[in-house]
Amino acid sequence: MHKTDFDAVVVGSGPNGLAAAITLQQAGLSVLVLEGKPEIGGGLRSAELTRPGFIHDTCSAIHPLAVNSPFFRTLPLGAFGLEYIEPPIAAAHPFDDGTAALLTRSVEETARWLGPDEKTYLNLFKPLIEQWPRIDFDVLGPLTFPKHPLDFAQFGLKALPPVTWLAKAFETPQAKGLLAGMAAHSIQPLSNFATSAIAVVLMTAAHVRGWPLPKGGSQQIARALAAYFTSLGGKIETNFYVSSLAQLPSSKAVLFDITPKQLLQIAGHRFSALYRWQLNRYRYGMGVFKVDWALDGPIPFTAESCRQAGTVHLGNTLEEIADSELRASKGQHPEKPYVLLAQQSLFDATRAPAGKHTAWAYCHIPNGSTVDMTKAIENQIERFAPGFRDRILARHTMNPAQMEAHNPNYIGGDINGGIIDIGQLFTRPALRWSPYRTSAKGLYICSSSTPPGGGVHGMCGHHAALRALKDVFTP
């Protein structure tokens, strides 16, 4: 091969870009990461958004897939400053009657709180927990022949139906609501096929390794990944926004941690007509409206157990959550939106001044919407925690357009890099033998717009890098 400035260049320093860079650097290559923003991290950034001393996660907050990532688990990130904190309760789901369904590390404890649905819950999740170490790499990857086909098939039978079907196996509103709140992380109507997959993976992850938060903010994950990468000899350059291939130093491979929209703008002229057509047809999902608060005290949830949960899902029943998500997918703004809330400062004292707290929340709204959902979100919190508004010292909001400005991969506020419905679950961003290859030799896509999709796990980048290693760097 001819001499180049680097063996590989990675565009974008989100978790997938850093995972790709580390995978290539571990193989003995010379790798450069280019980041358009002043700070690395993509969705892994933290900042004082409201008042000095209040550290808010600007995008991702709680990280069940990071600690369950087959790739991240192999990395010595603890030696580079990363420390996880696991709340006593992974997630809580309060109801109007003052009760709450709870997800904890213990599958038996979680099941016991569901009363009449205890046995059904154990029958669903105990086999998945036992199988998870054998199927995690295949579940969090492209569609290939799995290493353990029987285990994978059993997972698929539970994961592929709509969560509205899966919920029919349960009797209680608590169990049905808990499933719905988990499945709504998929940011699509709950009647869609494969919405059960998101619920099943997130809940299994909680029972296997919990739903932790990184001490000091989500930025600490990115910093640890970057520190490990540079310790291997890798290089990172920030404030380098790539809009053309001509800007890049010479290399044998380029991996893009970006979505199809930006990829077309940068390299579309190098692609075949068919691949350009496929990328132009790629579909983005709903956007998010996000609010961060500086608080004078903890959120006063009616259900005491919610005060011990890192994550709280606010949506009441399955029916109410399903209605909210369906409305948003049809271009409407729900009056009672499903709200995902995190309260990191309850467990991490570094997030706020002594005696004060932070809270983080978002809801789903139409892609690109500029409607202010602050009141609707705060109404939902107040519904389950009367007196919440009295504790607000300051707030910071981000609508879908502002989310995209903060992170260009969030097209129209879509934080999943494209809708993860059955049509784009394994064929994202295009139907190809390898979803990470583009039609141009040496150019790859490694973002959440490839399998397995959104989440802080780095597996999109890791799989893309493995593909590039086989294609370009294997004799």
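**Legends for the close-up views**

**View 1. Where the charges sit.** The protein chain carries 42 positive and 38 negative charges, and their mean positions are 7 Å apart. Lys and Arg count as positive, Asp and Glu as negative, while His and the chain ends are not counted. Each charge is placed at NZ of Lys, CZ of Arg, CG of Asp or CD of Glu. This is a predicted model, where local features need pLDDT of at least 70 and side-chain atom pairs count only at pLDDT 80 or more, though totals for chains, interfaces and linings use all residues. Residues are numbered from 1 along each chain as its sequence is written, and side-chain values use heavy atoms, with hydrogens and water left out.

**View 2. Two domains side by side.** Domain 1 takes in 6-38 + 238-282 + 416-473, and domain 2 takes in 84-213 + 286-406; the bounds come from an automatic or database domain assignment. Their C-alpha centres lie 29 Å apart.

**View 3. Where the domains touch.** Here 17 residues of domain 1 are in contact with 17 residues of domain 2 (contact: heavy atoms within 4.5 Å). Across the protein chain, take contacts between residues at least 6 apart in sequence: 75% of them join residues at least 24 apart.

View 4. Of the 475 residues in the protein chain, 63% are buried (under 20% relative accessible area, 1.4 Å probe, protein chains only). The protein chain exposes about 17500 Å², with carbon and sulfur atoms supplying 54% of it (Shrake-Rupley method, 1.4 Å probe).

Conventions. Buried means under 20% relative accessible area, exposed over 50%, partly exposed in between (1.4 Å probe, protein chains only).
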